[in-house]
Amino acid sequence: MTSSFPGPAGPLAGADGHPADELLAGYAAGRADGVGIWSLEAHLTGCARCRTTVSGHADSARLARNQSVLLVRIAVPEGGRMRHLLCRCGVPDHLLRLLAATPSLRKSWLLSVAGVLAVVAGEAAAVRYGWVSVGWPAGGLPGHPGAAVLAPFLLVAPLLVLAGVAVAFLPMFDPASRLAVAAPFSGFSLLLIRAVSALATALAPVVAAAFLVPGPGWLPVALLLPTLALCAFALAAATLMEPRAAAVTAGALWALPGLLLAAAHVPLLIVQGNAQLACAAVLCASALVVLIRRDRFDVGWTR
Amino acid sequence: MTVNVSTAAVRADGLSRRYGATAALDGVDLALERGITGLLGPNGAGKTTLLSILATVNEPDAGRVSVFGFDPRDAAERVEIRRRLGYLPQELGYHRHFTVAGFLDYVAILKEITDRRRRAEEVARVLAAVSLEPRARTRIRALSGGMRQRLGIAQALLGTPDLLILDEPTAGLDPEQRLRFRELLSELPADPVIVLSTHQADDIAAICPKVIVLLGGRVRFAGTPAELAATAAGQVWTAAERDPGAHLSWRGGDGRWRHIGDSPPAGAELVASTVEDGYLLLSDAAGAR
Amino acid sequence: MRQCAGEDDDAALLRAVARGEEEALAALYDRHAGWLTVRMTRRCALPDVVDQAVQDTFLALWRGADRYRGGGNVAAFIWGIGIRRLIDAIRRENGARRRLPWRAQEPEVAVSAEDQVLVGIEHGRLGPALAGLSPELRGAIEATVLDGLTCAEAAVLLGVAEGTVKSRCHRARLALRAALAEQHGGSDSAANHIQAWGTS
């Protein structure tokens, strides 16, 4: 494409091979008067000078406005693969962006969780397989020798999930929490979105580690209900007391029995039979409390 | 100048709030109309508590609030208030790893602007209003204090609120930025109800056509800055030496002493009273200096 | 293709954009957004849709500037992205408005009628023949040939069904062939051009 204006000699080709200014002005104003517009556009593709002329006739306020919106759209991060995947599954884009503010979904947090799990699970495995000799007595249930080594893992794993969920709802981890309260977006919805995604994200490594830890085959499944009950309890407690106190209470309510049972060399009891029933009951009760008192999350906790 | 209470957009009757033994608010009545109202008072006077109650972030122990006819005690009406609200808290925290535009986008979602493109337009609009456009991609942790304050103002402006509550918006702004802030407030579309708090009297004189003085959890004055200045009329004088009979004295930049008191001595050099003088006199009277 | 003086700058700007320099994108916008807006407006009368498409184009440039392999016409590259963003924007607009898409009435995105068209020296003799086509047929030719769109994309742009676009192109080719046969009596290089169009 040459820069001179093609076409048979006529009113279009100027002396220098470029279309006349009036023609370009008319084109820019949308007055496509039907003479050689196709050629004009083809010429524009190759000629910076005429493009500048056309731009000069365009609506500069409109162009400036579009430019500022463009620069904003560039500045808002688009999100990684996970977000695109979830978007494809139909999760609305604005909900995904809300999750971006949750610390327990950030890579650094997840890496720490994985790290702690690795340590705890690794310790259990090391003792069980005799790589390290510690004075653990071979206690536990019949059929599950050496279950005592699972004590640290059973103690820590659900607490890690609780920590992730707590970070999702504790105001101290949301620096702009007062803005969130003062905004019309439902505080309860925000909480649910964050808590559920934190739960799901933290459960995955925990369940995976439960498979790897030397223990009974039903361990990964048995961990689910207590973990869910623990997190639900923390949320329910947050409607009744200060959120930090709620998280700590929930953690203590798991840690104390866990430690006691570990001291008695029967740590697995915490995930068996009666304990599972108790967890189910706690889960249902907590869910009910959260639903009934969900307004608490809309009002916030002001000092 | 009084505000017609029955038609006021924002009303509070008998608000009280205690924290432990201290009464942060003690029977506060106020009525706000469209336009800018300044809330003047020292730190600890209850300004932040009052503003947080108006912003539905806090609940009073006693008293009623009505914002555009909505009562924040009802959940559904509370949401309606929040839809019309822009709030800048006193110490606004930011997710430091967010970019400026990312943070504003986040707040815009909280303000229920779900369409991505509309959000981008809104964010662009408020960024232009506070002159932070070149910083759209900067991370918040890299911003100066003044820029962060402007960002806080920008997020309050998202969604063109009808009620703008700004807690110490001029803190951390240099004089040129304060000027820009005043222009910004005067150019806002939709003529909202604006209430801003400050402990500096010259902010009031420069920005606010109406002022409420809050001392010790109570409203001590409500009117125009001129009326506030007039309360100290005839009670301000200067002298070369300090006068022990004055309630308040301080030395000005020119070396002369400025005095505020009930009865200036005969022959004293009276000067025109300023907003600050009126405010100081009120503070002194309230014993809350 | 002889490059204009601005061409090298554009290529350099694109490389800078690929490196993540926002100022380069702003400069590219200053140079190209004007004519892009005008050219899009000629194909779509809705200013909001055009605004979205212009933003989307530069957003795509921001993300995919490295796809420009250099040595090509930057404006053509931008138009290639732009016309497709315009199609997407129209699709979204149609989806959002939930209008019945295939009504063959006056399309919203009208191409202006032209009474005479010149496409360049080598196509000079086609000019009168093209002018003899009805606006709908010319629009179909412009979308598929000039803008290089597929029939599906052209259908979105013109606001008609894909089948309609195909049949209009077919009728246009027949009409042109007939007109040229009248003009020049017999086979023609121009007729070969029409033949070439038929493969698109």
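Helices here are DSSP runs of at least four residues, and strands are runs of at least two, both numbered from the N terminus. With that in hand, let's walk through this predicted model, beginning with chain C. Its secondary structure comes to nine helices and zero strands, so the order of elements from the N terminus is simply α-α-α-α-α-α-α-α-α. Of the 200 residues in chain C, 41% are buried. What share of its contacts between residues at least 6 apart in sequence join residues at least 24 apart? The share is 63%.

Now turn to chain A and find helix 2, residues 37–46. Is this helix largely enclosed or left open by the rest of the structure? Eight of its ten residues are buried, so helix 2 of chain A is largely enclosed. You can pick out the buried ones yourself: A:I37, A:W38, A:S39, A:L40, A:A42, A:H43, A:L44 and A:G46. And what do they pack against? Their partners are helix 1 and helix 3 of chain A, together with two helices of chain C, namely helix 2 (22–43) and helix 6 (135–146).

Those two partners in chain A also meet each other. Two packed helices are described by the angle between their axes and the distance between the axes. For helix 1 (residues 21–28) and helix 3 (residues 48–57) of chain A, the axes come within 8 Å and cross at roughly 50°. The two helices are therefore oblique to each other, and helix 1 passes helix 3 in a right-handed crossing. On the helix 1 side, look for A:D21, A:L24, A:A25, A:Y27 and A:A28; they meet A:C50, A:T53, A:V54 and A:H57 in helix 3. By class, the residues of this contact are six nonpolar, two polar and one charged.

Next, look at where chain A touches chain B. Here 29 residues of chain A are in contact with 40 residues of chain B. Helix 4 (60–75), helix 6 (93–99), helix 9 (177–182) and helix 14 (295–299) of chain A each supply at least two residues of chain A's side. Which of them gives the largest share? Helix 4 of chain A does, with seven residues. Sorted by class, chain A's side has 19 nonpolar, four polar and six charged residues.

One last stop is the interior. In soluble globular proteins, nonpolar side chains tend to be buried together. The largest nonpolar core in this model has 223 residues, and those with the most contacts inside it are A:V72, A:V165 and A:A234. A:V72 touches several residues of chain B, among them B:A101, B:V123 and B:L127.

How values were computed: Residues are numbered from 1 along each chain as its sequence is written. Chains are lettered from A and ligands numbered from 1 in the order in which they are written. This is a predicted model: local features need pLDDT of at least 70, side-chain atom pairs count only at pLDDT 80 or more; totals for chains, interfaces and linings use all residues. A nonpolar core is a set of buried Ala, Val, Leu, Ile, Met, Phe, Trp, Tyr and Cys residues joined through C-beta atoms within 7 Å. A residue is buried if 20 or more other C-beta atoms lie within 10 Å of its own, exposed if 12 or fewer, and partly exposed in between; C-beta atoms are placed from the backbone. Two residues are in contact if their C-beta atoms, placed from the backbone, lie within 7 Å. Axes are lines fitted to C-alpha atoms, for helices over the stretch in contact, and angles run from 0 to 180 degrees between N-to-C directions. Angles under 35 degrees count as roughly parallel, over 145 as roughly antiparallel, 65 to 115 as roughly perpendicular and the rest as oblique. A crossing is left-handed if the near helix is turned anticlockwise from the far one by less than a right angle, and right-handed if clockwise. Ala, Val, Leu, Ile, Met, Phe, Trp, Tyr, Cys and Pro count as nonpolar, Asp, Glu, Lys and Arg as charged, and the others, Gly among them, as polar. Lists of a residue's contacts leave out its neighbours within four places in sequence.
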